[in-house]
Amino acid sequence: MATFLLRINQQSREVDVDPQMPLLWVIRDFVGLTGTKYGCGIAQCGACTVHLDGKAVRSCSVPVSAVGTKAITTIEGLSPNGQHALQRAWQQEDVPQCGYCQAGQIMTAAAFLEQQPHPTDDDITRAMSGNLCRCGTYLRIHAAIKRAAAQTKTP
C-alpha cells in the first residue's frame with residue numbers, strides 16, 4: 001500500500017491503495033464516484049474513460065501510481081450541474097438507452113471537442129471509433145457531438 005494525493009474534479013483526495021491498482025477502482029471504490037463504469041478491463045471499450053490533464057484515458061488500464069499530479073476529471077466533474085454542451089446534446093438527441101457506456105462516450109467526446117471544436121463527420125467517426133455501445137446508439141452519439149460542436153462554435 002501507498003498513499004497518493006489525487007486531484008479529482010478539482011478536489012484533493014488522499015487514498016491509501018496498492019500502487020498498481022487501476023485508477024478506475026480508486027475512483028469508484030475509494031473515492032466513491034461511480035459514474036465511471038467498468039466495461040472490459042483491457043482498455044478496449046471506453047466505458048471507463050476519464051480525463052488526465054484534459055486527455056481522454058482508459059482508467060481501467062492506468063495504475064494509480066502513474067497519475068502523479070495530473071488533474072483527473074470524471075463524468076461527475078465535467079460540469080457541476082450536468083449542463084455541459086455534450087450532456088445537453090445527449091439529452092436533446094435522446095442518446096442513452098441502457099446508459100452504461102454513456103459516461104465514457106461523453107468523456108471521450110469532450111476531450112475530442114477540446115482538441116477539435118469544429119469537427120467533420122469523419123473526424124467524429126474516427127475520434128469515437130474506440131468507444132463501444134452495446135445498444136448501438138452510434139448515430140445518435142454522432143448527432144449529439146455535432147449538435148454540441150455547433151452550439152459551442154466560436155466565430
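Predicted model: local features only at pLDDT ≥ 70, side-chain atom pairs only at ≥ 80, totals over all residues.
The chain is divided into domain 1, residues 2-77, and domain 2, residues 85-152. Their C-alpha centres lie 21 Å apart. The two domains touch: 18 residues of domain 1 are in contact with 12 residues of domain 2.

How much surface does this contact cover? The size of an interface is often given as the accessible area lost when the parts come together. Here, the area buried between domain 1 and domain 2 is about 1,100 Å². Carbon and sulfur atoms give 59% of that area.

Two strands stand out on the domain 1 side. β3 (49-52) and β4 (55-58) each supply at least two of the residues there that touch domain 2.

What kinds of polar pairing cross the interface of domain 1 and domain 2? Six residue pairs are in polar contact across it, with both residues at pLDDT 80 or more. The count of salt bridges across the same interface is zero.

## Salt bridges

The whole structure holds three salt bridges.

| Pair | Closest N to O distance |
|---|---|
| E93 and R147 | 2.8 Å |
| D121 and K146 | 3.1 Å |

Start with E93 and R147, which form a salt bridge. This pair links distant parts of the chain, 54 residues apart. E93 sits in the loop between α3 and α4, and R147 sits in helix α6. E93 is partly exposed, because its relative accessible area is 21%, and the cut-off for buried is under 20%. R147 is also partly exposed, at 30% relative accessibility.

Next come D121 and K146, another salt-bridged pair. They too join distant parts of the chain: D121 belongs to helix α5 and K146 to helix α6, 25 residues apart. D121 counts as partly exposed, with a relative accessibility of 40%. K146 is partly exposed as well, with a relative accessible area of 40%.

An α-helix has 3.6 residues a turn, so residues three or four places apart point the same way. R126 is exposed, at 56% relative accessibility. D123 is buried, with a relative accessible area of 12%.

## Helix α5: a buried face and an exposed side

Which residues of helix α5 are buried? In this helix, which spans residues 121-128, they are D123, I124 and M128. Seen down the axis of α5, these buried residues fall within an arc of 115 degrees, so they line one face of the helix. The other side of α5 carries the exposed residues D122 and R126.

What covers the buried residues of α5? The cover includes two helices, α4 (102-115) and α6 (138-151).

## Two residues up close

Is T36 buried or exposed? It counts as buried, because its relative accessibility is 2%. T36 is placed in the loop between α1 (23-31) and β3. Leave out residues up to four places away in sequence, and T36 still touches L24, I27, R28, C48, V50, S59, T74, I75 and E76.

R88 belongs to helix α3, residues 85-92. It is partly exposed, with a relative accessible area of 28%. Which residues does R88 contact, leaving aside its neighbours within four places in sequence? They are Q83 and Q151. The side chain of R88 reaches the backbone oxygen of Q83 at 2.6 Å. R88 can also be placed relative to P117. The two are 29 residues apart in sequence, and their C-alpha atoms are 16 Å apart in space.

Conventions: Residues numbered from 1 in each chain as written. Heavy atoms only, no water. Buried < 20%, exposed > 50% of the residue type's maximum accessible area, 1.4 Å probe, protein only. Helix = DSSP H or I, 4+ residues; strand = E, 2+ residues; numbered from the N terminus. Arc of directions from axis to C-beta. Contact = heavy atoms within 4.5 Å. Domains from an automatic or database assignment. Buried area = accessible area lost by both parts, 1.4 Å probe. Salt bridge = Lys/Arg side-chain N within 4 Å of Asp/Glu carboxyl O. Polar contact = N/O pair within 3.5 Å; in protein donor to acceptor, adjacent residues only side chain to side chain.
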